[in-house]
Amino acid sequence: MAASHGRGASRGRPRIPMRYALPVLLLLVMVGMLLVRGYVYSSFVPDHRVRPPAATGHVPERILDGGPVIDARDTSKPAKSLRIPDRTIVLTFDDGPDPKWTPRILDILRKHGVNATFFITGTNTSRNPGIVKRTVAEGNEVGVHTFDHPDLSYLKAPTIKRELSQTQLAIEGAAGIRTALFRPPYSSFADALDDKSWPVMRYVGSLGYIGVFDTVDSEDWQLPGVGKIIDNATPRHGKGAVVLMHDFGGDRSETLKALPRYIDLMKSRGYRFKTVTQALGAPSAQTPVRGMEKLKGKAFVAAVTVSDNVTKGLIGCIAFVGVLVVGRFALMLVLAYVHARRARRRERGGGAPPPLAEPATVLVPAYNESKCIANTVRSLAVSEHPIEVIVIDDGSTDGTADIVEGLRLRDVRVVRQHNAGKPAALNNGIRHARYGIVVMMDGDTVFEPSTVGELVRPFADPAVGAVSGNAKVGNRDSLIGAWQHIEYVMGFGLDRRMYDLLRCMPTIPGACGAFRMETLRQVGGMSEDTLAEDTDITMAVHRKGWQVVYAPEARAWTEAPDSVRQLWSQRYRWCYGTMQAMWKHRRAVVERGPSGRFGRVGLPFVAAFMVVAPLLAPLIDLFLLYGLVFGPTGKTVASWLSLLAIQLVCAVYAFRLDREPMRHLIALPLQQLLYRVLMYVVLVQSWVTALTGGRLRWQKLRRSGVVASAPATTARRDRADDRRPVA
Amino acid sequence: MSTPYAGTPRLPGPARHRAAGNHPGATRPAIQPPAETTAGTAPAAAGGRDRYLDTLRAIALVRVVVFHIFSWTWLTIVFPSMGVMFALAGSLMARSLSQRGAARVIKGRVRRLLPPMWVFGVFVVGTLLYAGWHPSRHGGGITGIVSVLNWIVPVGAPPYPDPAAHPWGWLDSSWADQAAGPLWYIRAYLWFVLASPLVLRLFRKSPWAALALPLVLCAVCSTGIVTIPGESGEAVTDFATYGACWVLGFAHHDGLFRGIPRYLTVSCASFMMAAGLWWASGHLTSEGWNLDEIPLGQALWSLGFVTILLQVSPSWKRLPDRLARFDPLITLANNRAVTIYLWHNLLIMVTFPIIDQAWNIPGIDRFGSELDASYSVLSLVLVWPLLAVAIVLLGWFEDLAAKRRPRLWPNGRTRTMGRATGRTPPAGRWAGEPVRRPRHDREEGRHGGA
């Protein structure tokens, strides 16, 4: 017991490697941005309740019968009620600032030489700091109208305090001042105070705020017409008034039209326009802030601004992704249909090329495949097409070559070499090949008897230089297996049919592909330049002007990675390898002839769907979360489900084309949720590698081959995971 | 003609051979391996205990204690303890019923369950009587006295006063309510044990029907199509809520999970959990996302969650190295599950007056708000030593009930009571007993204690 503890301790604490840290950091930043945005744009618990009127037994009479301004700051004395002097108007605008209407109102006020008081909310302030700054600079007053306009009588004291202090923070950040004025949301006249709202006013007073109610309500938010607004806002008998108007909350054009006429009318009646404190003859309610306070406010407003912009960018991205994803699915469905129909017509004999009788060489590179190699070779022995089999033993230490030789099969040769990596093994095999068509497969893959024939058949067209087969997942009953099965069926059944017709097949899977010997000679065989030699060579074949086609009936059965770890390292290799291959063939973009066509059509296509789109895909899930937390929940779930439905339709079609039973599709929703996240992290990791350590790795790769350069994986798996569903 | 993959060591199990050459119509070799099973091991291999299940039970117990202190409702989602406990109990019940007759099994279960509960009952009822409570005042008259029998055989809810007097005065008046809070589980467990022979027969005849039945019952009760009032209604609701988990335990014992591909169970389970969350989102209580108060949400979420846990079920003969240091704790928790479960809520109540003593420390008033804020944490710290005392003082009743030699501290270490019992004693079949949150808010109790 003690010994094992000691061992455990000496192993040291596991550190979080960079490859997890960076993607996670990126995600966290995005989540943080969305949280700030969610906080500002909607409260955590959307709360639009307004309390019905309650009893008024506990509200002092002099408050109910008194003026619109309530000063309850000194808790040791009863609250004071203050009136506006006669012939004085205090214009107040609630709920703003609004980016459209508030500046126009300010213009009118300035033109008429009039000041008003704006009761602003924290959310709108943090979104429009510039307007608040201008409001204050032009001599108007601002007051706190809470952060997101809840009915305070439902809230507890700490929440009310937070509502006010955060609004104050936003105002500090926007205009560099604090204000002592406050107006509760959903308030009206002071005589409307009741036993529920009065304690709130007492509490807010104790925090140092002066409450400002109104005496005349223009009711402009009901859009009653310009004349009616003016009429509503006109006090009777020359009395002083606090007039309520709104600069936020929809169409304010009536308010805007009424305002100049109203000001002129009131001025002609001898009224003077003042702010709250001016009207009361009190010192300004606004005090400048400095130092830390101001910095904090600025930081808050800046965070909101940044998150606003980032979110706008993200929304743009998600729209882009949506178009890309849906467009791709539509394109795939159409092209897959066309491809399948052509294949069917060919099968019926309409213009089908005569079956090629030419025998083929099958290359089986093997490294420590003792468990599978016998099955692989036996499956080849029953091939319906005439073949020779060359097993290239890449320095196995488990007797792989001996097993093959022990089978004593006709037409099966074993070539032994020192361990030099898969590309070298394949090149070695190519040197030994006798026939004009070379089929390549993996040491743990099983062919059907007709597979080689199906792979060879398209070569009847002399323009075809390479053929991709159809890799199938054998271990499809585990969860990860089922996910990959769905991925493979869609990747081969739809993607590859599309790539075939668009002439930009990015990859011939290492597990199942065939090349014309002449083509191989032209491109110089397999290369060790990238981690994905299959993508590399396929691109090279395109650039030489050969066609690459997909043979859906050429099935090869493989065992997919069955742990997240293995899957991770496989996908990392593919992803990074594809990036390497694209970078290697980047010159194709500017070249002429077939190479240029591939470079200008195929490469951007592959880049869009394999590198850019998956990078943005997790936004879908991020916004799903955002929508779930901040709402609208129903719409969010509905749109996510409809995206899922589109996926499902495509998947069903792909399964039908491949004549696969549909039952595995039940794993699709979970696959969409979890797999996408995994693939995203892998992709980001590849990007990080490409942008930071890319060159270094490349160098190392040249010396030690594939085995050494794929991260965190066993040697056997490294060599065995070369069948790729997409690209 | 050979079949690819046929007889390979790599793909264990009887691959469905469909030699391509023999069937002209067959276009592909049938190499799909059978479900990726847990390496063909039977659950809880004969004799030894399945340490995976033991670990789950220990986690469930700890989660229940933590939940009853902090009232974090999200804990009910993170780990649905009750569903897990009932599933484990169901699995063990199916195992016993496969080995012995129903009457003997039920007798054995009841014998293990009730004596520890009687000890608890004697303490609680004794204290209540001493403080002047009389059961006839509860339901009134003769019913009240009859209902006291539930303290002996809890087929219904045992009566207690709320608020309750306390002879020493330092416990909060809700103490009886809090103490009796966990008893609903005993009642539900008893119902399940009594119903098991019948349900198991139904399950073996038609597994899906047996699994669906409690869910349908739960849905019927939750949608208000049928409302059963009062105590029996709660009993039926509990039965319906966790019945599916119990049946899932049967399925685990019978090895049903191994016959179904993993992708299928996990996917279906995730749908079930999503449905549970969806239902819960529309039926939030005043406590928010407390699944314990949302029966159908709890039933679906627990069923999905437990399905995944049991599908994963690695059938550990011994704990993996990483968990090895928790071995004594896990063993102890499993051997004293009833004791821990029955007493933990009362002991949580007891921690508060103990923490109150801190106010007597001179100068503590300066840290008054900090002390106020840390009551829960202090309670969590204090409850474990109290539970340890309860285990030492009262735990051996569990051994007596199981007709075993009494032990003070059965954590699997050999020194206990001078007798080498090996890693784990074979019994402890009673499936542990966590609790759902007591039905009454315990906030008051805490503040009262402060």
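Q: What share of the 450 residues in chain B is buried, and what makes a residue count as buried?
A: Buried residues make up 45% of the 450 residues in chain B, where a residue is buried if 20 or more other C-beta atoms, placed from the backbone, lie within 10 Å of its own, exposed if 12 or fewer, and partly exposed in between. This is a predicted model, in which local features need pLDDT of at least 70 and side-chain atom pairs count only at pLDDT 80 or more, while totals for chains, interfaces and linings use all residues. Residues are numbered from 1 along each chain as its sequence is written, and chains are lettered from A and ligands numbered from 1 in the order in which they are written.

Q: Why is A:Arg408 called exposed?
A: Because A:Arg408 has 7 other C-beta atoms within 10 Å, it falls in the exposed class. A:Arg408 sits in the loop between α14 (400–407) and β15 (412–417) of chain A, helices (H or I, at least four residues) and strands (E, at least two) being DSSP runs numbered from the N terminus. Its phi is near 50°, a positive value in a residue other than glycine.

Q: What makes A:Arg503 partly exposed?
A: A:Arg503 has 15 C-beta neighbours inside 10 Å and therefore counts as partly exposed. This residue, in the loop between α17 (479–502) and β19 (512–516) of chain A, also has a positive phi, of about 60°, although it is not a glycine.

Q: Why are α20(A) and α21(A) called roughly antiparallel?
A: Helix α20 (residues 564–584) and helix α21 (residues 593–616) of chain A pack at an angle of about 155°, with their axes 11 Å apart. Axes are lines fitted to C-alpha atoms, for helices over the stretch in contact, and angles run from 0 to 180 degrees between N-to-C directions. Angles under 35 degrees count as roughly parallel, over 145 as roughly antiparallel, 65 to 115 as roughly perpendicular and the rest as oblique, so α20(A) and α21(A) are roughly antiparallel to each other.

Q: How do you know that the largest nonpolar core lies between domain 1 and domain 2 of chain A?
A: This core has 282 residues, a nonpolar core being a set of buried Ala, Val, Leu, Ile, Met, Phe, Trp, Tyr and Cys residues joined through C-beta atoms within 7 Å. Domain 1 (61–289) and domain 2 (320–720) of chain A both give residues to this core, so it lies between them, with domain bounds coming from an automatic or database domain assignment.
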